[in-house]
Amino acid sequence: MAVDCFSKITKNDLVKLVDNAADLIRTSVDYKYILVLLFIKRLSDRWKEEIEDAMSEIIEETGINESEAAKRAVSNEFHSFMVPENVLWNNIRKDRDKLTENMSRAINEIAKENKELDGVVNRIDFIDFTKTRENRILLEQLFALFDKYNFSNKCIEGDAMGDAYEHILMRFAPEKAKEGEVYTPREVVRLMVDILDPQPGMSVYDPACGSGGMLIEAYEYVKSRMGVDKANRVGLYGEERSPTTYALAKMNTILHDISESHLEVGDSLLYPKFKTASGLRHFDFVLANPPWSQKGYGEDTLKQAEFKDRYAYGFVPQRYGDWAWIEHMLYTSKSKVAVIMDQGALFRSNSEKIIRQKIVDEKLLDSVILLPEKIFYNTGAAGAILIFNKEKQEEYKDKVLFIDASKEYGKHPDMRKLNVITNANINHIVSAYKSFESIDGFSKVVSVDDIKAKDYNLNVTTFVSPIDNESSIDITGTIEELNGINADLGEVEEKLNGYLKELGYID
């Protein structure tokens with residue numbers, strides 16, 4: 001029996017679907033329940049599709065009847081993941097009164113059948129979620145929403161599945177940022193990956209991988225240029241300290257149809273997971289957006305870490321772990337490192353300055369790129385991308401390129417208070433990096449001696465002077481800003497009037 005697609009599913013269809021799910025839960029329920037439901041529905045629909053494909057193949061090759069072919073088609077050789085018949089989507093939702101119990105049983109049985117999914121699908125507790133009547137009704141509504149489409153390969157256009165998953169992560173990023181979850185805007189990741197330029201056969205490692213966005217972008221970079229087969233030849237490795245965030249990353253890579261990703265739960269600075277017989281594993285490229293100004297990794301702590309020779313440049317202060325991340329990344333890299341840092345890491349003194357000085361003197365620093373303000377969901381501060389290179393060309397060996405990309409942004413399409421780095425901005429920055437030359441008001445090639453003369457201060461504005469445009473007034477930009485302020489005031493006034501009505505002060 002052929003797969004019934006109802007209609008071909010586009011990216012816009014799925015984005016609208018998950019937006020409707022997000023509107024249902026609002027902020028009262030963790031968005032991760034949506035992601036798990038999306039994932040389970042995908043596994044179930046994909047399983048049925050693989051059964052049908054396997055039956056067709058078996059019948060064509062052997063000539064046996066459908067009944068016998070169906071028995072053989074459940075063999076794991078025909079499936080990416082095993083999904084027992086009793087926990088397929090239709091069987092989970094068959095009994096409305098036992099929806100919670102069935103869902104809980106399904107994720108546990110799928111985890112039991114697939115070692116790779118243990119600690120992933122069963123990371124979220126649906127029994128606890130539906131203790132209230134409101135949440136039980138909500139779960140029924142979410143199931144009804146996801147019933148709308150068939151998530152098999154034949155029914156989905158391109159990368160719509162992975163795009164929908166990413167959309168949910170992005171949609172809830174501002175809210176979750178208040179709770180400490182960090183989502184790196186994908187355009188920033190794209191900028192870093194474009195600079196690194198990964199190729200088939202290379203390995204890419206993210207020691208603070210979060211939901212897996214940087215590794216996925218490295219895969220997509222190769223896929224868009226050379227195709228899926230070449231993209232599958234890029235080794236993807238990630239480590240994440242939070243087991244729940246690791247689960248999100250694992251589901252994310254699977255929904256992007258990435259067959260070769262290696263993700264682990266662990267604290268990279270203390271107990272790195274990727275090892276060889278002779279020590280820590282090394283990768284062609286290492287990239288990350290580690291927690292900024294992370295506390296708790298002072299000298300006493302890092303001296304207890306595995307492979308503490310990683311910190312040969314020195315130990316960081318208890319209050320700031322930034323340069324410990326850089327040391328780990330340099331140690332595990334064969335070639336280039338790209339890392340996002342808080343600007344404070346560029347100029348703070350004491351032990352951080354000592355580490356910074358040693359790395360600069362070893363001529364490992366390749367480029368420092370100042371990013372625009374208001375592009376991250378958890379802070380309005382402008383971060384910086386640092387590029388390190390162990391294989392610098394001889395002519396650039398004692399030089400560092402500073403790029404002031406603080407004006408390289410457009411307005412965010414959905415969030416008025418945020419900026420976004422556009423594709424044109426990315427191309428401009430990458431072009432400047434590759435040309436490695438000074439451009440008035442934008443970039444400056446600086447010698448290591450000149451950095452030393454500035455007391456190893458790596459602030460981009462120390463070296464790149466803006467072009468004087470004081471006489472030029474951006475009328476359009478000023479009007480847009482005033483309109484935004486007026487809109488905010490209108491929202492506040494509307495809320496205030498609502499409160500006053502509730503209290504009976506106005507009609």
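**Figure 1. Helix 2 and helix 5 cross in a left-handed manner.** This close-up is taken from a predicted model. Helix 2 spans residues 32–62 and helix 5 spans residues 99–113. Their axes come within 12 Å and cross at roughly 65°. Helix 2 contributes Val36, Leu37, Ile40 and Leu43 to the contact, and helix 5 contributes Met103, Ile107 and Ile110. By residue class, the contact of helix 2 with helix 5 consists of seven nonpolar residues, with no polar and no charged ones.

**Figure 2. The largest nonpolar core contains 116 residues.** The members that touch the most other members of this core are Leu37, Ile40, Met103, Phe126, Phe151, Leu371 and Ile385. Helix 2 supplies the largest share of the core, 14 residues.

**Figure 3. The surroundings of Phe151 in the largest nonpolar core.** With neighbours within four places in sequence left aside, Phe151 is in contact with Ile9, Leu14, Leu17, Leu38, Lys41, Arg42, Asp45, Phe146, Ile156 and Met161.

**Figure 4. Helix 13 is largely enclosed by the rest of the structure.** Helix 13 covers residues 243–255. The buried residues are Thr245, Tyr246, Ala247, Leu248, Ala249, Lys250, Met251, Asn252, Thr253, Ile254 and Leu255. Among the elements that cover them are helix 2, helix 8 (160–171) and helix 11 (213–226), together with strand 2 (235–240) and strand 3 (261–265). At 1.5 Å a residue, helix 13 should span 18 Å, and its end C-alpha atoms are 18 Å apart, in agreement with that expectation. Asp257, which has a positive phi near 60°, follows helix 13.

**Figure 5. Ala231 is a buried residue of helix 12.** Helix 12 is formed by residues 228–231. The relative accessible area of Ala231 is 1%, so this residue counts as buried, the cut-off being under 20%. Ala231 and Tyr219 are twelve residues apart along the chain, and their C-alpha atoms are separated by 5.5 Å. Apart from neighbours within four places in sequence, Ala231 is in contact with Tyr219, Val222 and Lys223.

**Figure 6. Asp197 and Lys374 have positive phi values.** Most residues other than glycine have a negative phi. Asp197, which is not a glycine, has a positive phi of about 60°. Asp197 belongs to the loop between helix 10 (186–196) and strand 1 (203–206). With a relative accessibility of 29%, Asp197 counts as partly exposed. Lys374, also a residue other than glycine, has a positive phi near 60°. The loop that holds Lys374 runs between strand 8 (365–370) and strand 9 (384–389). Lys374 is partly exposed, at 42% relative accessibility.

**Figure 7. Glu68 is a partly exposed residue of helix 3.** Helix 3 comprises residues 66–72. The relative accessibility of Glu68 is 35%, which means that this residue is neither buried, at under 20%, nor exposed, at over 50%. Glu68 and Ile58 are ten residues apart in sequence, and the distance from C-alpha to C-alpha is 9.3 Å.

Conventions:
Residues numbered from 1 in each chain as written. Predicted model: local features only at pLDDT ≥ 70, side-chain atom pairs only at ≥ 80, totals over all residues. Heavy atoms only, no water. Axes fitted to C-alpha atoms, helices over the stretch in contact; angles between N-to-C directions. Helix = DSSP H or I, 4+ residues; strand = E, 2+ residues; numbered from the N terminus. Left-handed = near helix turned anticlockwise from the far one by under 90°. Contact = heavy atoms within 4.5 Å. Nonpolar A, V, L, I, M, F, W, Y, C, P; charged D, E, K, R; others polar. Buried < 20%, exposed > 50% of the residue type's maximum accessible area, 1.4 Å probe, protein only. Expected span 1.5 Å × (residues − 1). Core = buried A, V, L, I, M, F, W, Y, C linked by side-chain atoms within 4.5 Å.
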